[in-house]
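Let's work through a few exercises together, each with a task and a stepwise solution. Keep the model open as you go.

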Amino acid sequence: MDIQQIESFWPFLQRFAVDLVVAFIILGIGWTISRWLGNMVQRLSARSEKIDPTIIPMFRTVVIWSVRIFTIIAVLSQFGVQTASLIAVLGAAGLAIGLALQGTLQNIAAGIMLLGLRPLRVGESVTVAAGISGTVDEVGLFLTRIVQADGVQVTVPNSTVWNGTIINLSRNHNRRMDVPAYIRYGDDVNRAIEVLLKLIGEQRSALKMPAPSVFVGDRKDGIITLTLRVWASADNFFNLQNDLNREVPMRLKEEGFESPSPLRVAVQEVGVNNQASAK
């Protein structure tokens, strides 16, 4: 390449270098603005009581990538790419990608439905498909994150959550529990019910309305099963349930009710003792 060819090619190199520098500047400014706007939207949304925390991560993602898409188009136009043809190409590519990523689009559609209808929200205790239980940490564009009681984070595709049964343990203010208690055949059932009702009345977390009740739930193998039906607020539910499960057998024992043994076990023990005596 002689000097004349270099001189004729030099203006093109200059223009390309300038366009490249400007493109990098636009790209850097666009990426910085997208992050700044995303963080600002997240902070302002978190301060507002009218905006559901569940929708904030998706709202932030949409803002960030909207700015970045315009930034990329501006960078390409800096090199002389026609944006109209670019949009047409992007549309065709979007259609092809959509057909190839049907599962991903299902997750996006499911995420929009979850955010629109809000069967679960951030901070609520839920049980979703496949028996996954825990506290909702985030509902994103593709995935839902749930933190289990043992601290393990589980990430579930939105389509799995939406297509399955969602059990929300936090949505209602009050919940009912059924706690079993066991006495033997021949014990005074009415007295046992009085003892258990008194125990329920001593629990501060137990709600007075709806009124608690104790009733005979089952009779089997020499054991009478009594059921304590108690209502509590969602915040106190597990603590009250744990207290009753611990205190019911203790209170019955204090009141003279012995722990029952299944009739079959008792018969077997008697048979073994008779055989030992015969020998």
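**Exercise 1: A nonpolar patch**

Leu20 lies in helix α1, residues 3–47; helices here are DSSP runs of H or I with at least four residues, strands are runs of E with at least two, and both are numbered from the N terminus. Before going on, note that this is a predicted model, in which local features need pLDDT of at least 70 and side-chain atom pairs count only at pLDDT 80 or more, while totals for chains, interfaces and linings use all residues. Residues are numbered from 1 along each chain as its sequence is written, and side-chain values use heavy atoms, with hydrogens and water left out.

Task: Decide how Leu20 is classed by accessibility, and find which residues make the nonpolar surface patch of about 380 Å².

Solution: 
- Step 1. Recall the classes: buried is under 20% relative accessible area, exposed is over 50%, and partly exposed is in between, with a 1.4 Å probe and protein chains only.
- Step 2. Leu20 has 32% relative accessibility, so Leu20 counts as partly exposed.
- Step 3. Patch members need over 30% relative accessible area and no salt bridge; like charges are joined within 9 Å, and nonpolar side chains (Val, Leu, Ile, Met, Phe, Trp, Tyr) within 5 Å. Areas come from the Shrake-Rupley method with a 1.4 Å probe, and for residues only the protein chains shown count as cover.
- Step 4. The patch is made by Phe16, Leu20, Phe24 and Phe79.

**Exercise 2: The largest pocket**

Task: Name the residues that line the largest pocket and sort the lining by class.

Solution: 
- Step 1. The lining consists of Thr61, Trp65, Ile108, Leu141 and Phe142.
- Step 2. With Ala, Val, Leu, Ile, Met, Phe, Trp, Tyr, Cys and Pro as nonpolar, Asp, Glu, Lys and Arg as charged, and the others, Gly among them, as polar, the lining has four nonpolar, one polar and no charged residues.
- Step 3. The space in this pocket is about 180 Å³.

**Exercise 3: Salt bridges**

Task: How many salt bridges does a search of the whole structure find, and which residue pairs with Arg171?

Solution: 
- Step 1. Apply the criterion: a side-chain nitrogen of Lys or Arg within 4 Å of a carboxyl oxygen of Asp or Glu.
- Step 2. The search finds twelve.
- Step 3. Arg171 pairs with Glu124, the closest N and O atoms being 3.0 Å apart. This pair links distant parts of the chain, 47 residues apart: Arg171 is in the loop between β5 (167–168) and β6 (174–184), and Glu124 is in the loop between α4 and β1.
- Step 4. Arg171 is partly exposed at 32% relative accessibility, whereas Glu124 is buried at 11%.
- Step 5. Glu138 and Arg145 form another bridge, at 3.3 Å between the closest N and O atoms. Glu138 is partly exposed at 23%, and Arg145 is partly exposed at 26%.
- Step 6. Arg176, Asp178 and Arg229 are linked in a salt-bridge network.

**Exercise 4: Contacts around Leu240**

Task: Is Leu240 buried or exposed, and how far in space is Leu240 from Gln203?

Solution: 
- Step 1. Leu240 is in helix α7, residues 237–254, and is buried, with a relative accessible area of 1%.
- Step 2. Leu240 and Gln203 are 37 residues apart in sequence and 7.7 Å apart in space, C-alpha to C-alpha.
- Step 3. Ile200, in helix α6, is buried at 2% relative accessibility.

Note on methods: 1 Å grid on protein atoms, 1.4 Å probe; cavity = no way out; pocket = protein on both sides within 12 Å on 5 of 7 lines; lining within 4 Å. Points joined across faces, edges and corners; volume = space filled by probe spheres on them.
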